[in-house]
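Please walk through the structure shown below, moving from strand pairing to domains, helices and the contact of the chains.

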Amino acid sequence: MLSQEKNERLTAVGPGTPMGNLLRRYWWPVATHDMAGRVPVRRRLLGEDLVLFRDAGGRLGLLAEQCPHRRASLALGCTERTGLRCGYHGWLFDADGRCLEQPGEPADSTFASRIRAVSYPVAELGGLIFAYLGPAPAPLLPRYDLFVWPDVWRDIAHAELPCNFVQIMENSVDPYHVEWLHGRYGSFVKELAGEPPVRVVTKKHVKVAFEVFEHGILKRRVLEGQTEQDEDWKTGHPLVFPGMLRVGGGGIATFQIRVPVDDTHTWHVWYQTYRFDTPARPQASVPVYQVPLVDSRGEWLRDYVDGQDICAWVTQGPIADRSREHLGRSDLGVIMLRKLYFEQMERVEAGQDPICVFRDPAVNVCIELPMEREKFGGARAFRQMWLRESSIRYSPIRDEVLGLFGDVA
Amino acid sequence: MTVGFCPGCGADLSSGTGFVQEFWSGEDQNFLCWCAGCGLMCTVVISARLLSHEPGH
């Protein structure tokens, strides 16, 4: 149980809230590369309505949605050689929010120099567009390994989920759910469909451990039949603070990025890399696809691992009511994460940078993160399961990836 | 039953940045406490029973 007041502190992400202030110290994906074009698009991040555009000069811009003139939506705007022109009265703003033109005002007016649209820094990396909504000076956009590895294939899946991001993050420090949600319940769903269980995720956890480290929380597990010499314990894999999980094995590595849209919505991004034994030709661009959430009857899809996770997250409610929960010893990872959020909120309130904020270019060339290769005791078995039972099942390059790994469909 | 104040410095943990998280271990009610003021992290245990062991002699 957590008090209602603490639960609100943990989950409210809007401007001026303690968690909102913490999260604004980080760069967040705001779009995939294909979303930003000449036609401005509405995006929402940390409770703020925004408009993303790429002007005819190729520069990305991210402005608060409402025009500072008469508050019309800048999504109804025209991209120009430089900047975005409001569709209502033609005021023109550049990517820094400067007002460049006010067509209806007298030619000698200096009014434009006193007007600014709210603008935020944006940057592209690895096929994602990141935004920083916090105070200046912005830290460096972290160059985590999957975003910058030169010799891998990638794809990006995404879906907007109707729940707060914290309950999704808590799932990442809850290893026991694997053997029950994916092992037992997943097998039950398979059984009803006349299919065999997914053996890779049914192994019992003998012990788990969590450790706060420089990138967040490193988690380890020993499964039935394993020892501490297995990579699941020896290496583990991290929750990357404040909003990512790194997971994978057998040549597949994924960031599950939980982008807080607002208090009750999360944009979930599955950022995959594939490293083949024999290097493949370079990709022309990173494929992007949406993950379906419901079947033709409107029921949550739950016949695969990511669908089962999504089901568990959203059925906790838009914001999980932690004042009515009952935690046990198997929830110590969840408790550790909550404590880490509270601790880092305190650091921000004390005027310090929280963890995982990078300002030294020398350490931001390629930030390597630990992760097992022999996941769940077997790289190949894990990979074959993951290509079938994760959101990759919807990837437009799945069959090509299977072939390049030498696996069968 | 909850823990309202830091066992180290007495700061009010129910408001502001203090953190109190209840969890159960068998019949024992546990409260993990972290105080932003003094930095103390500890677990307060409301024990169902008290066990004591006399050292060997």
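How many bridges join strand 5 of chain A to strand 6 of chain A, and in which direction do the two run? Three bridges join strand 5 to strand 6 (residues 84-86) of chain A, and the two strands run antiparallel; helices (H or I, at least four residues) and strands (E, at least two) are DSSP runs, numbered from the N terminus. The model is a predicted one, in which local features need pLDDT of at least 70 and side-chain atom pairs count only at pLDDT 80 or more, while totals for chains, interfaces and linings use all residues. Residues are numbered from 1 along each chain as its sequence is written, and chains are lettered from A and ligands numbered from 1 in the order in which they are written.

Within that strand pair, A:Cys78 stands opposite A:Arg85 of strand 6 of chain A. The pair belongs to an open sheet of four strands of chain A, in the order 5-6-7-8 and with antiparallel pairing, where two strands pair if DSSP finds at least two bridges between them. Its edges are strand 5 (77-79) and strand 8 (99-101) of chain A, each of which pairs on one side only.

Another antiparallel pairing links strand 1 of chain A to strand 10 (residues 128-132) of chain A through five bridges, and A:Trp27 has A:Tyr132 in strand 10 of chain A as its bridge partner. Strand 1 of chain A is mostly covered, with six of its six residues buried; a residue is buried if 20 or more other C-beta atoms lie within 10 Å of its own, exposed if 12 or fewer, and partly exposed in between, with C-beta atoms placed from the backbone.

The domain assignment, which comes from an automatic or database source, divides chain A into domain 1 (28-132) and domain 2 (145-405). The centres of domain 1 and domain 2 of chain A, taken over C-alpha atoms, are separated by 33 Å. Their contact takes 13 residues from domain 1 of chain A and 14 residues from domain 2 of chain A, where two residues are in contact if their C-beta atoms, placed from the backbone, lie within 7 Å. On the side of domain 1 of chain A that touches domain 2 of chain A, strand 1 (27-32) and strand 2 (41-45) of chain A are the elements that give two or more residues, and strand 1 of chain A gives the most, with three residues.

Turning to the helices, the axes of helix 5 (residues 176-192) and helix 7 (residues 305-314) of chain A come within 10 Å and cross at roughly 105°. Axes are lines fitted to C-alpha atoms, for helices over the stretch in contact, and angles run from 0 to 180 degrees between N-to-C directions. Helix 5 of chain A is therefore roughly perpendicular to helix 7 of chain A, a term that covers angles of 65 to 115 degrees. In this contact A:Leu181, A:His182, A:Tyr185 and A:Gly186 of helix 5 of chain A meet A:Val305, A:Gln308 and A:Ala312 of helix 7 of chain A.

Helix 7 of chain A is also one of the elements against which the buried residues of helix 9 of chain A pack. Among those buried residues of helix 9 (residues 379-389) of chain A are A:Phe382, A:Trp386 and A:Leu387.

Finally, eleven residues of chain B are in contact with 17 residues of chain A. Strand 1 of chain B gives the most to the side of chain B that touches chain A, with six residues.

Conventions: Parallel < 35°, antiparallel > 145°, perpendicular 65-115°, else oblique.
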